[in-house]
Amino acid sequence: MTNSEIMNVVKPVICSKLKSPASAQFPVDLISITGDDTSGYQVNGFVDSQNSYGAMIRNDFNAQVNVLDGVP
């Protein structure tokens with residue numbers, strides 16, 4: 001499974017918790033993805049997005065992605 005496929009699952013979940021999901025930026029160089037298709041993947045990183053006042057803030061996130069029949 002590629003990092004892109006994993007992030008395609010993680011991003012919508014993270015964005016659903018933000019005040020301004022459209023402003024979300026995921027710094028690729030600050031995201032760590034470890035694991036495999038058997039045991040799943042652990043994703044740790046940061047997302048930059050606007051808060052209620054329009055200021056960009058950075059929030060860290062952790063996500064566990066399980067794989068079932070090759071689908072995250």
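**Figure 1. Strands β1 and β2 form a hairpin with 3 residues between them.** The model is predicted: local features require pLDDT of at least 70 and side-chain atom pairs pLDDT 80 or more, whereas totals for chains, interfaces and linings use all residues. Residues are numbered from 1 along each chain as its sequence is written, and side-chain values use heavy atoms, with hydrogens and water left out. Helices (H or I, at least four residues) and strands (E, at least two) are DSSP runs numbered from the N terminus. Strand β1 and strand β2 (residues 40-50) run antiparallel and are joined by 5 bridges; two strands pair if DSSP finds at least two bridges between them. Within this pairing, Ser-32 stands opposite Asn-44 of β2, and Gly-35 has Tyr-41 in β2 as its bridge partner.

Figure 2. Gln-50 stands opposite Met-56 in β3. In a regular strand, side chains alternate between the two faces of the sheet.

**Figure 3. Asp-48 and Arg-58 meet through their side chains in a salt bridge.** Side chains of opposite charge can pair when their charged atoms come close. A salt bridge is a side-chain nitrogen of Lys or Arg within 4 Å of a carboxyl oxygen of Asp or Glu. A search of the whole structure finds 1 salt bridge. For Asp-48 and Arg-58 the N to O distance is 2.7 Å. The pair links distant parts of the chain, with Asp-48 in strand β2 and Arg-58 in strand β3, 10 residues apart. Residues are classed by relative accessible area (buried under 20%, exposed over 50%, partly exposed in between; 1.4 Å probe, protein chains only). Asp-48 has a relative accessibility of 13% and therefore counts as buried, while Arg-58, at 46%, counts as partly exposed. The charged end of Arg-58 also sits over the ring of Phe-46, 5.5 Å from its centre. A charge sits over a ring if NZ of Lys or CZ of Arg is within 6 Å of the ring centre and within 35 degrees of the ring normal.

**Figure 4. The structure holds 1 aromatic pair.** Phe-26 and Phe-61 form this pair, which is edge-to-face, at 5.9 Å centre to centre and with 75° between the planes. Phe-26 lies in the loop between α1 (3-15) and β1 (32-36) and Phe-61 in strand β3 (residues 56-65), so the pair ties together parts that are 35 residues apart in sequence. Rings of Phe, Tyr and Trp (its six-membered ring) pair if their centres lie within 6.5 Å; planes under 30 degrees apart count as stacked, over 60 as edge-to-face and the rest as tilted. Both Phe-26 and Phe-61 are buried.

**Figure 5. The largest nonpolar core has 15 residues.** A nonpolar core is a set of buried Ala, Val, Leu, Ile, Met, Phe, Trp, Tyr and Cys residues joined through side-chain atoms within 4.5 Å. Met-7, Val-10, Phe-26, Val-43 and Phe-61 touch the most other members. Elements α1, β2 and β3 each supply at least two residues of this core, and α1 gives the most, with 5 residues. Val-10 is placed in helix α1 and, with a relative accessibility of 4%, counts as buried. Leaving aside neighbours within four places in sequence, Val-10 is in contact (heavy atoms within 4.5 Å) with Val-43, Phe-61, Ala-63 and Val-65. The C-alpha atoms of Val-10 and Phe-61 are separated by 9.9 Å, and the two residues are 51 residues apart along the chain.

**Figure 6. Ser-20 is placed in the loop between α1 and β1, and Pro-72 in the segment after β3.** Ser-20 counts as buried at 18% relative accessibility. Not counting residues up to four places away in sequence, Ser-20 touches Ser-49 and Gln-50. Pro-72 is partly exposed, with a relative accessible area of 32%. With residues up to four places away in sequence not counted, Pro-72 touches Met-1, Glu-5, Val-9, Val-65, Asn-66 and Val-67. The C-alpha atoms of Pro-72 and Tyr-53 are separated by 35 Å, with the residues 19 residues apart along the chain.
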